[in-house]
Amino acid sequence: MPSTLVAVVDDHEVVREGIRLVSMTSQADVKLVGAAATVPALLDQLGRDPESASLTAYGAKRIDCEVVLLDLSLTDRSRPSENVEKLRQAGMKVLIFSVGENATLIREALRAGALGLVRKSEPLEHAIEEARNIAEGKPVITKELAAAIDGDVEFARANLSPREQETLRLYASGFAQVQVARRMGIKQSAVKTNIDRIREKYARIGRPAPTKIDLRIRAIEDGLVDPEADVNTVELRP
């Protein structure tokens, strides 16, 4: 299995160096490809154009990166939403790497598309392991993350119908559409219609779910799927 390509954005050099050292000895098979104090600096390291992160900077060597550990409170006073959006534009997944005490910043990052949270108080080995989980499409749900969601009155529910909830529960648990159809006793075309409607409802409330992994995250956030339950990862595809 190839190494997971990870980078870190944190304005404390000791933290960046700690992640670098742990990545070299981790059993999770992770390679650190970048470390910087700001998102623009990281994008520059990785050969991206800071003004248009999806593009390779002129004359630069493009370095691939799958997951970025992102601190939410940086000395450049950048907003978490802006940082997450830039990293996602560059094709990278974002894992919040924070003390986990500012629920407002956590919610802002989640709305922009961050996929989970690891606390700085945890061993750095844990952060590296969770970065690999994110790369593999496994959501990282913690008590702090759940509390931030539960405490957000604006974190709107999608108001799914009972049939849509059951469709999402099965689909987000790893079953293919044809399997969901068999379990629910309906046609596969009806399952597809339900999934399309579910995606539309989440998009309308600012919680887009364009992929199956995104739908699983939304299902976990809304209490339809147990994050600790086993997932049929072979079927975790459209």
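Contact is taken here to mean heavy atoms within 4.5 Å. In this predicted model, Leu70 is in contact with Val9, Val39, Asn83, Val84, Leu87, Val94, Leu95, Ile96 and Phe97, neighbours within four places in sequence being left aside. Leu70 is also one of the residues that touch the most other members of the largest nonpolar core, a set of 27 residues; the others are Leu42, Val68, Leu87, Met92 and Ile96. Two or more residues of this core come from each of strands E1 (4-9), E2 (30-36), E5 (67-70) and E6 (93-98), and from each of helices H2 (39-45), H3 (80-89) and H4 (103-112). The greatest contribution is that of H4, with 5 residues. Another core, of 20 residues, lies apart from this one and includes Val22, Leu69, Leu95 and Ile217. In soluble globular proteins, nonpolar side chains tend to be buried together.

Helix H1 comprises 13 residues (13-25), which at 1.5 Å a residue should span 18 Å; the end C-alpha atoms are 19 Å apart, in agreement with that expectation. Its buried residues are Val15, Arg16, Gly18, Ile19, Val22 and Ser23. Viewed down the helix axis, the buried residues of H1 fall within an arc of 160°, and therefore line one face. The face turned away from the buried side carries Glu13, Val14, Met24 and Thr25, which are exposed. Cover for the buried residues of H1 is provided by elements including E1, E2, E5, E6 and helix H5 (124-135).

Helix H8 (residues 177-184) has Gln177, Val180, Ala181 and Met184 as its buried residues. Their directions from the axis fall within an arc of 100°, so the buried residues of H8 also line one face of the helix. These residues pack against H7 and helix H9 (188-204), while Arg182 and Arg183 are exposed on the face of H8 turned away from its buried side. After H8 comes Gly185, with a positive phi near 70°.

The whole structure contains 8 salt bridges. One of them pairs Lys120 with Asp10, the closest N and O atoms being 2.6 Å apart. Lys120 belongs to the loop between strand E7 (117-119) and H5, and Asp10 to the loop between E1 and H1, so the pair ties together parts that are 110 residues apart in sequence. Asp10 is buried, at 0% relative accessibility, whereas Lys120 is partly exposed, with a relative accessible area of 25%.

A salt bridge also links Glu166 and Arg169, with an N to O distance of 2.8 Å. The two residues are 3 apart in helix H7 (residues 162-172) and are therefore separated by about one helical turn. An α-helix has 3.6 residues a turn, so residues three or four places apart point the same way. Both partners are partly exposed, Glu166 with a relative accessible area of 29% and Arg169 with one of 32%. Elsewhere, salt bridges with shared partners join Asp10, Asp71 and Lys120 into one network.

In the salt bridge between Arg132 and Glu136, the closest N and O atoms are 3.4 Å apart. Arg132 has a relative accessible area of 9%; residues under 20% count as buried, so Arg132 is buried. Glu136 is partly exposed, with a relative accessible area of 39%.

Notes
Residues are numbered from 1 along each chain as its sequence is written. This is a predicted model: local features need pLDDT of at least 70, side-chain atom pairs count only at pLDDT 80 or more; totals for chains, interfaces and linings use all residues. Side-chain values use heavy atoms; hydrogens and water are left out. A nonpolar core is a set of buried Ala, Val, Leu, Ile, Met, Phe, Trp, Tyr and Cys residues joined through side-chain atoms within 4.5 Å. Buried means under 20% relative accessible area, exposed over 50%, partly exposed in between (1.4 Å probe, protein chains only). Helices (H or I, at least four residues) and strands (E, at least two) are DSSP runs, numbered from the N terminus. The expected span of a helix is 1.5 Å times one less than its number of residues. The arc is that of the directions from the helix axis to the C-beta atoms. A salt bridge is a side-chain nitrogen of Lys or Arg within 4 Å of a carboxyl oxygen of Asp or Glu.
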